[in-house]
Amino acid sequence: MFKTELHIHTSPVSRCAKVSAVDAATHFYDAGYKTIVITNHLSPKLYDKVITCDPNDHKAVADCYLSDYRLARDAFWGKMNVLLGIELRVHENNNDYLIYGISEDFVYNLGNVMDLKLKEIVPIVHSAGGLIFQAHPF
């Protein structure tokens with residue numbers, strides 16, 4: 001059996017999460033999962049409550065955003081696949097979009113993606129080989 005969880009938020013990067021990245025990964029590993037995708041929130045609220053750096057310092061923002069993913073990945077290296085994703089919210093609307101199939105470099109090169117419109121983001125994701133879906137369509 002190949003159990004996969006595609007949508008995990010961890011604390012402190014996602015405000016809605018109460019569990020650390022390593023504790024979340026441990027829970028899924030102990031339950032027999034082979035792959036998890038850390039899809040923490042990347043949204044305007046991130047700058048208000050989580051990231052304590054200048055939102056225009058894109059490298060610092062990316063480092064903060066990637067921190068929980070890296071903790072889980074490093075703790076479970078060789079035991080379980082820990083993949084990087086994003087749950088993105090832009091200024092344009094109140095929808096959340098899940099992005100899969102991306103790398104750390106993708107996050108570093110995003111800049112302030114929240115200022116873009118969805119029709120501008122989709123080609124960026126696709127050109128990087130990623131997929132994007134509305135997270136909560138109903």
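Which residues line the second largest cavity? The points below answer this and go on to the rest of the model, which is predicted.

1. **The second largest cavity.** Its lining is made up of Leu-42, Leu-88, Ile-99, Phe-106, Leu-110, Val-113, Ile-121 and Val-125. By class, that is eight nonpolar residues, with no polar and no charged ones. The space inside the second largest cavity comes to about 30 Å³.

2. **The largest cavity.** Two cavities of 30 Å³ or more turn up in a search of the whole structure. The largest holds about 90 Å³ of space. Twelve residues line the largest cavity, and the closest to its centre are Leu-42, Val-61, Val-107, Leu-110 and Gly-111. Note that Leu-42 and Leu-110 are named here and also in the lining of the second largest cavity.

3. **Where that lining comes from.** Helix H3 (58-75) and helix H4 (104-109) are the elements that give two or more residues to the lining of the largest cavity. H3 supplies the largest share, four residues. By class, the lining of the largest cavity has ten nonpolar residues, two polar and no charged.

4. **Strands E2 and E4.** Strand E2 (residues 33-38) and E4 run parallel, joined by four bridges. Look at Thr-35 to see the pairing: Asn-81 in E4 stands opposite. Strand E4 (residues 81-84) has two faces. Val-82 and Leu-84 form the covered face. Asn-81 and Leu-83 form the uncovered face.

5. **Cysteines.** How many disulfides does the structure hold? The number is zero. Cys-16 is in no disulfide, and the nearest cysteine sulfur, that of Cys-64, is 15 Å away. A disulfide needs two cysteine sulfur atoms within 2.5 Å, so the 15 Å between the sulfurs of Cys-16 and Cys-64 rules that pair out. Cys-16 is partly exposed, at 47% relative accessible area. Cys-64 also counts as partly exposed, at 23%.

6. **Salt bridges around Arg-73.** Side chains of opposite charge can pair when their charged atoms come close. The search of the whole structure finds six salt bridges. Arg-73 forms one with Glu-104, where the closest N and O atoms are 2.7 Å apart. Arg-73 lies in helix H3 and Glu-104 in helix H4, so this pair ties together parts that are 31 residues apart in sequence. Are these two residues buried or exposed? Arg-73 and Glu-104 are both buried. H3 and H4 also give residues to the lining of the largest cavity.

7. Asp-74 is partly exposed, at 49% relative accessibility. Arg-73, by contrast, is buried.

8. **The network.** Which residues are linked in a network of salt bridges? They are Lys-59, Asp-63, Arg-70, Arg-73, Asp-74 and Glu-104. Both partners of Arg-73 described above, Glu-104 and Asp-74, belong to the network.

9. **Asp-96 and Arg-89.** These two residues form a salt bridge, their closest N and O atoms being 2.9 Å apart. Asp-96 is buried, with a relative accessible area of 9%. Arg-89 is partly exposed, with 23%.

Notes:
Residues numbered from 1 in each chain as written. Predicted model: local features only at pLDDT ≥ 70, side-chain atom pairs only at ≥ 80, totals over all residues. Heavy atoms only, no water. 1 Å grid on protein atoms, 1.4 Å probe; cavity = no way out; pocket = protein on both sides within 12 Å on 5 of 7 lines; lining within 4 Å. Points joined across faces, edges and corners; volume = space filled by probe spheres on them. Nonpolar A, V, L, I, M, F, W, Y, C, P; charged D, E, K, R; others polar. Buried < 20%, exposed > 50% of the residue type's maximum accessible area, 1.4 Å probe, protein only. Pairing = 2+ DSSP bridges. Salt bridge = Lys/Arg side-chain N within 4 Å of Asp/Glu carboxyl O.
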